[in-house]
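Subject: Structure for you to look at

Hello,

Here is the structure I said I would pass on. Please open it first, and then read the notes below beside it.

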Amino acid sequence: MMSGTRYTGPRKRVLVTGGAGFIGSHLCERLLSAGHKVLCVDNFFTGDAGNVSELIGHPDFELVRHDVTAPLHVEADEIYNLACPASPVHYQADPVHTTKTSVLGALNMLGLAKRTGARILQASTSEVYGDPAVHPQPEGYWGNVNPVGPRSCYDEGKRCAETLFFDYRRQHDLPIKVVRIFNTYGPRMHPQDGRVVSNFIVQALSGEDITIYGDGRQTRSFCYVDDLVSGLIAMMATGAECTGPVNLGNPGEFTMLELARKVVALVGSRSRIVHRPLPQDDPRQRRPDISQASEQLGWTPRVQLDEGLERTITYFDALLSDGRGTPVAAAAE
């Protein structure tokens, strides 16, 4: 159901690439509820038309199948570039195309923004920090990334996309926005993406073992999707001087063991916690410094982990009832 505060400014035509994905579908919904026209573009590699099924038929919503590695000829006032598989299971399935999506997708969307005069936001990632030697991670930290590992297609693709955005800013004075998204969760996560939140919940609901990689002491910070979408919209609304990059995430930090135990308790499951070897280049800790988001956007996350997990569990419980929630082997995030 659409919800949100209606804009007082002019009505805009907004392009959302990756708009049928987990985060993109929530963003499309929020933008429509605010009174904008929304063009949702997705190649449906990980996106699902079911995520935006309630929006189809809305007079201000248009859904187009398109891969951003090819040019797109449309008109837009604002562009949110979210297109790219974001979980290790999906982005490692076709690593060459993952890199193309980040790099060629950025080039094509930047070219479109230049032609139309649109303001453009790049959804980057905390993965640009790699396995960080600085904790928590501020935007000024350049990261510790392996350029030739199995995660590099995603990490380095996103880093190159950031480079392109700032080069277009310097060379063409393009109004850009770059945000670095930390682990986000909530309804419409793909049940088979292998991410820890979705996998733990599906395993617990199914009564299966909860799989943890390594000793479970590695940490992550989890941001509920509604909060993340509010941050994206707030960033887009900032003045031309605010280009980013800006971290968007919840600074609450939890070990994988803590997350697993929370999920088991909230589900009321008897699932056991089992351990598997840690994948290559899996970050030991991840926590955003969100002081810039707080100061420049007036943004801080509001949904606490227990509340967000309860909402997400309800979603996956309904999904399992429909027979669509079979988990895959969990991948580290």
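I start with strand 8 (residues 210–213), which is covered on both faces: I210 and I212 on one side, and T211 and Y213 on the other, are all buried. Buried means under 20% relative accessible area, exposed means over 50%, and partly exposed is in between, with a 1.4 Å probe and protein chains only. Helices (H or I, at least four residues) and strands (E, at least two) are DSSP runs, numbered from the N terminus. Strand 8 pairs in the parallel sense with strand 13 (residues 273–276) over 4 bridges; two strands pair if DSSP finds at least two bridges between them. I210 has I273 as its bridge partner in strand 13.

Before going on, note where the values come from. This is a predicted model, so local features need pLDDT of at least 70 and side-chain atom pairs count only at pLDDT 80 or more, while totals for chains, interfaces and linings use all residues. Residues are numbered from 1 along each chain as its sequence is written, and side-chain values use heavy atoms, with hydrogens and water left out.

Confidence

The mean pLDDT of the protein is 93, and 94% of its residues reach 70 or more. Here pLDDT is the predictor's confidence in each residue, from 0 to 100. Over residues 1–8 the pLDDT stays under 50, and the model has 19 contacts for them beyond four places in sequence. Contact means heavy atoms within 4.5 Å. Residues 328–332 also have pLDDT below 50, with 22 contacts in the model beyond near neighbours in sequence. Where pLDDT is low, the predicted coordinates should not be read in detail.

In what order do the 7 strands of the open sheet lie? The order is 3-2-1-4-5-6-11, with parallel pairing. Strand 3 (61–65) and strand 11 (246–248) are the edge strands, each pairing on one side only. From one strand to the next, the twist averages 20°. Angles run from 0 to 180 degrees between N-to-C directions, and axes are lines fitted to C-alpha atoms, for helices over the stretch in contact.

Strand 1 pairs with strand 2 in parallel over 5 bridges, and R13 has K37 as its partner in strand 2.

Helix 1 (residues 22–33) lies across strand 1 (13–17), strand 2, strand 3 and strand 4 (78–81), and runs at about 170° to strand 1. Helix 4 (residues 152–172) packs on the sheet and touches strand 5 (119–125) and strand 6 (176–181), its direction making about 155° with that of strand 5.

Helix 1 also meets helix 6 (residues 225–236): their axes come within 10 Å and cross at roughly 65°. Among the residues in this contact are F22, L27 and L31 of helix 1, and V225, L228 and L232 of helix 6. The residues of the contact divide into 9 nonpolar, 2 polar and 2 charged. For this count, Ala, Val, Leu, Ile, Met, Phe, Trp, Tyr, Cys and Pro are nonpolar, Asp, Glu, Lys and Arg are charged, and the others, Gly among them, are polar.

Single residues

H66 is in the loop between strand 3 and strand 4. Is H66 buried or exposed? H66 counts as buried because its relative accessibility is 16%. Leaving aside neighbours within four places in sequence, its contacts are V41, D42, N43, P71 and L72.

Most residues other than glycine have a negative phi, and most peptide bonds are trans. D173, in the loop between helix 4 and strand 6, has a positive phi near 55°. At 58% relative accessibility, D173 counts as exposed. R188 lies in the loop between strand 7 (184–185) and helix 5 (196–206) and has a positive phi of about 85°. R188 counts as buried, at 17% relative accessibility.

Two peptide bonds are listed here as cis. One joins H135 and P136, with omega about -10°; the other runs from G244 to P245, with omega near 0°.

Regards
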